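Biologist: Please take a close look at one part of this model for me. Then put that part in the context of the whole.

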Amino acid sequence: MKGNDKIAFTAEAIALMRAEKGTDKYSQYFVSEDIKKKFRRISRVAPKRLLDKIFVKRIRLSFELDKIIRDYRPTQIVELACGYSPRGLILTQKNPKIAYIETDFSSVIEKKQEIINSLVKMGKVKKRKNHHLVPLDSLEGNFFEKLKPFLSKNKKTLVIAETLTSYLNEEEHNHLVKSIEKLLGKFKESAYLSHESNKMLSGVLGKLLLFYRDRVAKTRSYKHFKGKEEIRKYFEGRGFKVIRLSESKRTNNFFYLVS
Ligand SMILES: C[S@@+](CC[C@H](N)C(=O)[O-])C[C@H]1O[C@@H](n2cnc3c(N)ncnc32)[C@H](O)[C@@H]1O
């Protein structure tokens with residue numbers, strides 16, 4: 001199975017949101033002139049207050065995931081569809097012991113690696129041996145074969161997917177979960193963390209942004225679960241033993257950490 005790499009452009013949009021709101025010192029470097037130009041065009045017609053609301057809500061989702069990650073205390077992280085998220089960079093700069101393997105389509109990984117290399121040259125980040133960027137289509141399956149040069153079987157491992165599953169139809173989503181399940185089985189202690197939005201972007205501006213995204217990426221948004229009970233049943237049905245669920249009313253998301 002193959003993913004749709006036109007979705008890659010959404011990674012820049014999220015980087016722009018983080019850079020605009022100054023969430024971290026790295027996101028600004030992942031925003032291209034082209035996306036800045038597009039944003040300026042949108043800002044001319046869209047009320048600032050509404051754009052702010054969308055940006056803050058999306059950023060909060062990352063912060064809420066960060067909290068779940070901190071509580072799980074992994075020593076090894078595999079982030080699927082990492083985009084230009086600064087999480088891997090932030091964590092490995094702070095902690096040289098955590099192994100962080102970021103994956104996305106090759107177009108995103110190559111660009112991200114190039115930008116990180118130039119940040120190293122400029123002295124803005126330190127080169128870290130525990131930070132790896134690996135091109136990987138999340139739908140190609142057999143993750144372990146591709147990732148094993150970077151993985152250690154004895155580490156407490158967390159696989160993360162932040163805003164990936166909403167791009168996948170039911171068959172693709174089932175395929176992804178099967179591949180993750182196989183990967184988790186390779187470690188002594190491991191879990192998968194993701195989320196399900198219970199509300200799409202609302203309002204006219206939200207609908208317009210989704211329309212724009214869907215036209216450019218030739219994609220659409222899918223929901224896989226109506227609520228916590230459906231999430232529980234789905235993962236129990238696939239043999240997962242520990243299912244931790246939480247809900248965020250502020251970001252309209254259900255989070256699941258399963259193993
Ligand atoms: C909305 S962005 C989110 C990026 C990142 N998780 C973040 O929070 O900043 C969606 C990401 O999913 C990636 N993506 C979508 N389908 C994928 C697939 N089949 N394999 C790998 N990456 C995929 C895109 O390339 C893009 O980087």
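Biologist: Is Phe-211 buried or exposed, and how many other C-beta atoms lie within 10 Å?

Modeller: This is a predicted model, in which local features need pLDDT of at least 70, side-chain atom pairs count only at pLDDT 80 or more, and totals for chains, interfaces and linings use all residues. Residues are numbered from 1 along each chain as its sequence is written.

Phe-211 is exposed, because 10 other C-beta atoms lie within 10 Å. The cut-offs are these: 20 or more other C-beta atoms within 10 Å of a residue's own make it buried, 12 or fewer make it exposed, and anything in between is partly exposed, with C-beta atoms placed from the backbone. Phe-211 is found in helix α8 (residues 203-217). Helices (H or I, at least four residues) and strands (E, at least two) are DSSP runs, numbered from the N terminus. Now take Tyr-100: its C-alpha atom is separated from that of Phe-211 by 34 Å, and the two are 111 residues apart along the chain.

Helix α2 (residues 33-45) also has an open setting. Of its 13 residues, the number buried is 0, so α2 lies largely in the open. From first C-alpha to last, α2 reaches 19 Å, close to the 18 Å expected at 1.5 Å a residue (1.5 Å times one less than the number of residues).

Next, the whole protein. It has 9 helices and 7 strands. Of its 259 residues, 33% count as buried.

Now the interior. In soluble globular proteins, nonpolar side chains tend to be buried together. A nonpolar core here is a set of buried Ala, Val, Leu, Ile, Met, Phe, Trp, Tyr and Cys residues joined through C-beta atoms within 7 Å. The largest has 37 residues, and those touching the most other members are Leu-80, Val-159, Ile-160, Ile-180, Tyr-192, Leu-193 and Tyr-256. Among the elements that each supply at least two residues of this core are α3 (48-72), α7 (170-184) and β5 (190-197). Leaving out residues up to four places away in sequence, Ile-180 touches Val-159 and Tyr-192; contact means C-beta atoms, placed from the backbone, within 7 Å. A second, separate core has 13 residues, including Ala-11, Met-17, Tyr-84 and Ile-109.

Ala-11 is also among the closest residues to the ligand, with Gly-3, Ala-81, Gly-83 and Ser-138; 22 residues surround the ligand, each having its C-beta atom, placed from the backbone, within 6 Å of it. Helix α1 (residues 9-21) gives the largest share of this shell, 3 residues.

Technical notes:
Two residues are in contact if their C-beta atoms, placed from the backbone, lie within 7 Å.
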